[in-house]
Amino acid sequence: MAVSGAGFVLFLLFHGAMNFVSILSPEGYDAICNFLGANWYAVVGSMGLAVLMGIHVLCGIILTAENLLARGRVRYKRQERPKGVEWSSQNMLAFGLFILFGIVMHLYDFWYRMQFAELMGNEPVNGIEQIRFIFSHNYFSVMYLIWLVVLWFHLSHGVWSMLQSLGWNSEGWKHRWQVIGYMVATVIILLFVCVVIYYWLIYPRM
Amino acid sequence: MNFTLKIWRQANRTAKGHFVDYQVSDIEPDMSFLEMLDVLNEHLVLKGEDPVFFDHDCREGICGACSLFINGRPHGKGEGTTTCQLYMRRFKDGETIVVEPFRAKAFPVIKDLTVDRSAFDQIIQAGGYVSCHTGGVPDGNAILVPKEDADMAMDAASCIGCGACVAACKNASAMLFVAAKVSQLALLPQGKVEAQRRAQAMVAKMDELGFGNCTNTYACQAVCPKRISVSHIARLNRQFLTGKIVRPWKKED
Amino acid sequence: MEEKLQSKIPSGPISEKWTNYKDTQRLINPANKRRLDVIVVGTGLAGASAAATLGELGFNVKVFCIQDSPRRAHSIAAQGGINAAKNYQNDGDSVRRLFEDTVKGGDYRAREANVYRLAEISNNIIDQCVAQGVPFARDYAGMLANRSFGGAQVSRTFYAKGQTGQQLLLGAYGALSKEIHKGTVKLFTRREMLDLVLVEGRARGIIARNLETGDIERHAAHAVVLATGGYGNVFFLSTNAMASNGSAAWRCYKKGAFFANPCFTQIHPTCIPVHGDFQSKLTLMSESLRNDGRIWVPKRKEDVERIRKGELRPIDIPEADRDYYLERRYPAFGNLVPRDVASRAAKERCDAGFGVNGAGLAVYLDFAEAINRLGAKVVEARYGNLFEMYQNIVAENPYETPMMIYPAVHYTMGGLWVDYELQSTVPGLFVAGEANFSDHGANRLGASALMQGLADGYFILPYTLQNYLSDQIREPRISIESAEFEAAECKVRDEIEALLSVKGKETVDSFHRRLGHVMWEYVGMAREKSGLLKAIDLIADLRKEFHQNVLIPNAFGVNVELEKALRVSDFMELGELIARDALQREESCGGHFRVEHQTADGEALRDDEHFNFVAAYEWQGENETPCLYKETLDFESVELKQRNYK
C-alpha cells in the first residue's frame, strides 16, 4: 500500500502542479498537454499508473478483507474512537472506493477524450477547452470539489502513514511527519481546488 | 454508587453469547472495577447463579491478566491504566456500563469475559528473545549500551502482553505487541545480532495466527496501558523490510 | 542433627563448597538426558528459569502455570531490583559482604552455605540477564547503574525502572519460549497442581486440574520441581496476586515433604494502607522509595487528631513537630533499615496513637526534601511510575502531599524444607524460589527474592537435579496408569466432590476474609502466646464451619469458586501450622516478633541458645499435631550476634 501510495502522491503533486499552470498560463498548460499526448513516455507513465492503481486497489481490498476477518464474527456492542485516532485512518477503504468512482468519472471527462482519443487515432480535445467546459457546469464543479475533499482525507492519513509503514519514523519525527503529511495533502488538494474554483468563477465572464 | 452493568455472558468457547443486565448497588468510589465485579459475583454465587468469569491476577497493573472492553474501550476510560487500576470514582453514579470481552479472531472467548490470548505466547515463541543459553555470557558491563537506547528499550519492554492493542485496533492487528519486543531487542547490542530474523519470524507468526494488518490508525498506542509508542512499529517495519531486502534468500526456522 | 534432615552441605571452606560440589556432582550424557522427564510447576523467576535451563540441557520438560501465560507469574510484580555483589560502584561490596548482609538481614536463621552460594551466583545472574536483553538502567557511559536498598550500606541493586521483576521474568520467559519453540519444553497453562504422586517413595508426577475444562489430569516424570511461590495470601489481604496460593506446597507437605519455618512471614513496610472491607488486595510501593523518601508521623497527638479530621494538612506541620522515627531510632541506617524493623517501627507508632489516616493505620512517606534536593524531574525519573500508581489508587498527588503507607504481608521466608541441593525430604521433589525456605532466614532483604529465584533456576537446579537423575537413566518413562496415580486422582476427585456437595450459605471469599482477620490479628506483626493459642482455636472452628457451610456453585468447566475453595481449605490448615510454629518459637527474630521477647527499647530479642534452628514439620495425618524436627544452624563463617542498625 505504502509503495503504490507513494507513487500516487508523486503523481498527484505533478498533476496538481501541471493543472495549476493552466491558471497562470493556459498556453503553457496546452504545451504540457501536447508534450505528453500519446508519446511513448506518457503512455508508459499512464500504464504504470494503471498498474499502480490496480495494485493499490487490490491490496486495499485484500487488506481490508483480512482485517475484517481478523476482527472475528462477533462485533463490539459499543466502541469508541480513542483520542489521537484520526477519523480518516479508520475509513481508508471507504474513501478509496469513493475516490475510485471519482477517478472513473475524471478519466472519462478528460483522459478518454485526450490521450485515449489520440491513441485511437482520433483528434484529442484541447485540454484547456475541456477544463473550461467541464467546470462551467455547477454540478460537475461541486462533484469534483466533494471528490477532492474526500481525497484530502485519504491523503491526510496516507502520506505520513506511508512513512510509518516504510519504517521512516521515530519518536522524534512521529508528530513532525504527521504535520508534514497534512501539509503535503493540503498543498496537493489546494492546487486542484484552485483550478476548479478558478474556472468555475471565471465561466460567466467567458 | 449504583450501576447497571451490561455484561457479555458466554458459557464456553462454542456457545452463543449474549448480554445480560445486572444491577449493582452500594459501590464505593474507591473500589476498583474488578472489586466491583467481585461484589457482583459474590451476589451471584449467593443467589446460586454462575459468577462472571474474567481474567485477573496481580491487581496492580503489571501482570497483564485483566482485560475487559469497558464502555467501548479496552481497560475502560483513563489513559495508561489497566482494568484493575480503574477506580469506580471515574464513573458517574447510575451509569450504564457495557462490559465485553476483547474481540479478535486470534483471541477466542473461553467463557464470559475471558479470552484465550495464547497467540501472544506463540508469537514470542517464534523468536521474541535473544537466543542465548544459560552460562557462558560476558560480564554485564562488557556490553555497553548508550543510556538513551537502554531507556528506549525499557519503554518498549514495559509491554505487559494484555492485548489491549489488538482489542482496540479495528483490524485486530498485533503490531504494537510484536513491535514492542522486536524494538526492545533491536535497540540493544545483545539483540541486534538476530534483529531482522526475529522481526520476520514474529511477523510471519502473527499473520499465521490470524491477526490483522497494521493500517496505522494508532488506536493501539492510545489505549496501551503502558503507553508504548507506535514509533516502535516503525522500527519493526524497518527491521522487517531491511530483512526482506538484504537477506530475502534466508530461510527462517 | 535429626536423621531425617540431612542438609548435605559439601565439605570445605564456605567459599569453596559450591565449586567442590559442581566439580564432583554426577553428570548425564546428552542421549540419556533426552530420556528423562522433568515436571516444573510454576513459571515465575525460579520455575521459568529452571524449565528453560533444563530444556537447554536436553531434558524433557513439562512446565505448568496457573495463569493463561507463563509471563504473568507474580514475580512480575517485583518492583525494586535485584542484588548482586558486582562492586561496580567501588563502594566496598564483595561476595563476602553480600553473604554477610543476607545472613544478618535474615537474623541468623538461614543456612550459611546456601546463602554464600547465593551471593556467589548473584554476579552470574546479572551477566545472564544482560545477555538476554533485560534493559537494566544504565549511566551515560553505558554501564550498569545501581541503587541502594534496605539492610545494606553499599549500592548493589540493579534495576529496570520500577519494573525489575517484570523485566527479569520476561527474560526468563523468553528463554522458556525459546525452548518451547525448540520442543524441549512443553507448556501447560491454566493448570493447578492438586497433588504430588509418589511411586516407591519418589516424586514421580502430579495431579493437575485444567482450570478451563475442569478435567483432572495426570502427568508423570522422573523428577518434580516445585516453584509455586509463597503463601502470603493466607492473610487474605497481601501484596500477592489473587491466584498466588500455598496449595501445591501444602499438598507436597501432606505427601511427606517437610514444611520449614512457616511462621517466618514478611510484612513489607511500604504498602498503600487498607481503605475498605471490599478491598481484594494490597498494593506495594517499592522499597526503593525509602532511598529518597523520609518516614514520619506528627510529634504531637493534637496534630494527629486534626489531620484525621481533615483540619490540618501534613505539609503544614513544621519540621520541629515531625517525628522521623526511623532516623531517630536508627541513625546509622535511618530510613533504610531492613523491612521487619521498619514495619514494626510503623506499627509501634500507630499503636501509640500516631497513625495518620482515619483508621489510625498509616504513616507518612515524604518526598518534599528529595524534591527540594534533586528537583521534581529527577524524582519523577526515579519513581514516576510509582507516584502515578499511588495517585491512581489513592487520588492524592505524592509530589504535593506525603504518601501514606502501612505495612502489609508481602513474602514468606518459610516454605518446604530443602537440603543444599534444593531437594525436599521427598526424593525427587525439588523446590525452588519462594516456595522453599532456604536462603532468607527470618527476614528477606529487599532485592534478594529475584536473586534467589533466578539463582535456583538458572544456576543451582540444573546441577543438582542432574546429580539426582544420574542414577535414573535406566528408569523407563513413568507410566500414569499405575495404582499410585489412580489413587491420587481419586483422592482429588473425592475432595472436589465433598466440597461441591456442602452446598452451604457462605461464599469462599467470606471464609477467606475471616481467616485473614484471624491471621492478621493474632499471627501478624506482633505475636503473643495467648493470641496464638486463640488463633489455633479460631482457625479450627473456622475450618469446621467451612466444611459445613461453604457455598460453591456446581459448574462444568470453569469453576473459579471451586479453585478458591481448594486453596482456602489448604490456607486454613497452613494458617494453623503458622500459628503453631510461631507459638513454638519463643524468641523474636526477623519477621517473627514475639511480644514476650523484646529488649527494653522494643527491639527483637533473639534466643540463639534455644532457637538457633530451622523448624521443619512433618505431617502426621488429618487433625494430628505435626511432628517438629530441628535442623541446627552452624555458623562457622559469620559471628552470631544481635542485629544492630543503630
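1. Chains A and C do not meet. No contact joins them, and their closest C-alpha atoms lie 18 Å apart. Two residues are in contact if their C-beta atoms, placed from the backbone, lie within 7 Å. This is a predicted model, in which local features need pLDDT of at least 70, side-chain atom pairs count only at pLDDT 80 or more, and totals for chains, interfaces and linings use all residues. Residues are numbered from 1 along each chain as its sequence is written, while chains are lettered from A and ligands numbered from 1 in the order in which they are written.

2. Two pairs of chains are in contact, and chains B and C share the most contacts. Their contact takes 65 residues from chain B and 63 from chain C. On the chain C side, α3 (45-57), α5 (112-131), α6 (164-182), α12 (376-394) and α17 (560-584) each supply at least two residues. Of these, α6(C) gives the most, with nine residues. Helices (H or I, at least four residues) and strands (E, at least two) are DSSP runs, numbered from the N terminus.

3. Look next at the residue classes. The side of chain C that touches chain B has 27 nonpolar, 23 polar and 13 charged residues. Here Ala, Val, Leu, Ile, Met, Phe, Trp, Tyr, Cys and Pro count as nonpolar, Asp, Glu, Lys and Arg as charged, and the others, Gly among them, as polar.

4. Chain B also touches chain A. In this contact, 35 residues of chain B meet 31 residues of chain A. Three elements of chain B give two or more residues to its side: β5 (96-100), α8 (219-223) and α9 (231-246). The largest share, seven residues, comes from α9(B). By class, this side of chain B divides into 16 nonpolar, 12 polar and seven charged residues.

5. Of the 206 residues in chain A, 25% are buried. A residue is buried if 20 or more other C-beta atoms, placed from the backbone, lie within 10 Å of its own. Among contacts in chain A with a separation of 6 or more, 79% join residues 24 or more positions apart.

6. How do α1(A) and α3(A) pack? Helix α1 (residues 2-24) and helix α3 (residues 40-71) of chain A pack at an angle of about 135°, with their axes 9 Å apart. Axes are lines fitted to C-alpha atoms, for helices over the stretch in contact, and angles run from 0 to 180 degrees between N-to-C directions. The two helices are therefore oblique to each other. Angles under 35 degrees count as roughly parallel, over 145 as roughly antiparallel, 65 to 115 as roughly perpendicular and the rest as oblique.

7. Which residues make this helix contact? From α1(A) come A:Ser4, A:Gly5, A:Gly7, A:Phe8 and A:Phe11. From α3(A) come A:Leu49, A:Leu52, A:Ile55, A:His56 and A:Cys59. The contact has six nonpolar, four polar and no charged residues.

8. Finally, chain C. Its domain assignment, automatic or from a database, gives domain 1 (271-408) and domain 2 (483-611). The domain centres, taken over C-alpha atoms, are 31 Å apart. Each domain gives six residues to the contact. On the domain 1 side, helix α10 (residues 339-354) of chain C gives the most, with five residues. That side divides into one nonpolar, one polar and four charged residues.

Technical notes. A residue is buried if 20 or more other C-beta atoms lie within 10 Å of its own, exposed if 12 or fewer, and partly exposed in between; C-beta atoms are placed from the backbone.
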